[in-house]
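Please keep the viewer open as you go through the points.

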Amino acid sequence: MNRFVVTIARTCGSGGSFVGEALEEKLGIHMYEQDILQLASEDSGISLELFAQTDEELKSNPLFRFSRYIYRGKLIPPSSSEFTSQENLFNYQAKVLKELAQKESYIVIGRCADFVLKDVVPLVRVFVYATREDCIQRESQRLSISVSDAENRIEKVDKKRDEHYEYFTGHKRSDMKNYDICLNTSTLSYEDCADLIAECLKKRGFLSDK
């Protein structure tokens, strides 16, 4: 089996993480999500709390929304006042993703991994989405919150993810041209999605047909 990475971007409520879990079970490779923050904290020496506080979050200054920090692969040294900046926290997460890709095949949820790893290892880039109605219903049930609160949460989370992705990559997260497969979990089960991703991996020569 050749080494590869499956990157999964997702809309809030679409079940992207559940697709990743189904694929993890099917392929027997590890799925990384929040644990990337722990690994980046250990690598950098920066507290996990700081990584968690700024996860996929941009500075509150409105002017920040119109700027860009396109990821180029460099780390900011500890001697700099910007060592614990949001930019450098992203840099360390990217460093971890790259180092993992040199050692193993894996699945990763979010983290702008489709951009970070584009020249590092063969990728299958997946975007998972669902109808807005289904996303709202799922978030309402999953978090035991009202439909109105679920709708507000989805709007906030997707906006945050869109801004974060565009700031660090210069691309639109919802642009389907960024992905190899786009999967609608309103019409496909999580297991169906995992099967389709696995089939794509086979056709690209990353998995055997056995």
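Predicted model: local features only at pLDDT ≥ 70, side-chain atom pairs only at ≥ 80, totals over all residues.

Residues are numbered from 1 along each chain as its sequence is written, and side-chain values use heavy atoms, with hydrogens and water left out.

**Salt bridges**

- The structure holds 16 salt bridges, each defined as a side-chain nitrogen of Lys or Arg within 4 Å of a carboxyl oxygen of Asp or Glu.
- Glu139 and Arg142 form one of them, with 2.9 Å from N to O. Both sit in helix H6 (residues 132–143), three residues apart, which puts about one helical turn between them. Helices (H or I, at least four residues) and strands (E, at least two) are DSSP runs, numbered from the N terminus.
- Glu139 is buried at 4% relative accessibility, while Arg142 is partly exposed at 46%. Here buried means under 20% relative accessible area, exposed means over 50%, and partly exposed lies in between (1.4 Å probe, protein chains only).
- Asp158 and Arg173 are also joined by a salt bridge, at 3.3 Å from N to O. Asp158 belongs to helix H7 (residues 147–169) and Arg173 to the loop between H7 and strand E5 (181–184), so this pair ties together parts that are 15 residues apart in sequence.
- Asp158 is buried, with a relative accessible area of 15%, and Arg173 is buried too, at 8%.
- Glu166 pairs with Lys172 in a salt bridge of 3.2 Å, N to O, and Glu166 counts as buried at 18% relative accessibility.

**Two buried serines**

- Ser105 is found in the loop between helix H4 (86–101) and strand E3 (106–109), and it is buried with a relative accessible area of 10%.
- The side chain of Ser105 reaches the backbone nitrogen of Phe4 at 2.9 Å.
- Residues up to four places away in sequence aside, Ser105 touches Asn2, Arg3, Phe4, Ile29 and His30; contact means heavy atoms within 4.5 Å.
- Ser140 has its place in helix H6 and counts as buried, at 12% relative accessibility.
- Ser140 and Ala150 are ten residues apart along the chain, and their C-alpha atoms are separated by 5.2 Å. Leaving aside neighbours within four places in sequence, Ser140 is in contact with Ile145, Ser146, Val147 and Ala150.

**The largest pocket**

- A pocket is found on a 1 Å grid over the protein atoms alone, as an open set of points where a 1.4 Å probe fits, with protein on both sides within 12 Å along at least five of seven lines; lining residues have an atom within 4 Å of a point.
- The largest pocket has a volume of about 430 Å³, where volume is the space filled by probe spheres set on the points, and grid points are joined across faces, edges and corners.
- Its lining has 24 residues, and those nearest the centre are Arg10, Ser17, Arg142, Arg153 and Arg161.
- Helix H1 (16–27), H6 and H7 each supply at least two residues of this lining, and H7 gives the most, with four residues.
- The lining divides into five nonpolar, eight polar and eleven charged residues. Nonpolar covers Ala, Val, Leu, Ile, Met, Phe, Trp, Tyr, Cys and Pro, charged covers Asp, Glu, Lys and Arg, and the others, Gly among them, count as polar.

Technical notes: Polar contact = N/O pair within 3.5 Å; in protein donor to acceptor, adjacent residues only side chain to side chain.
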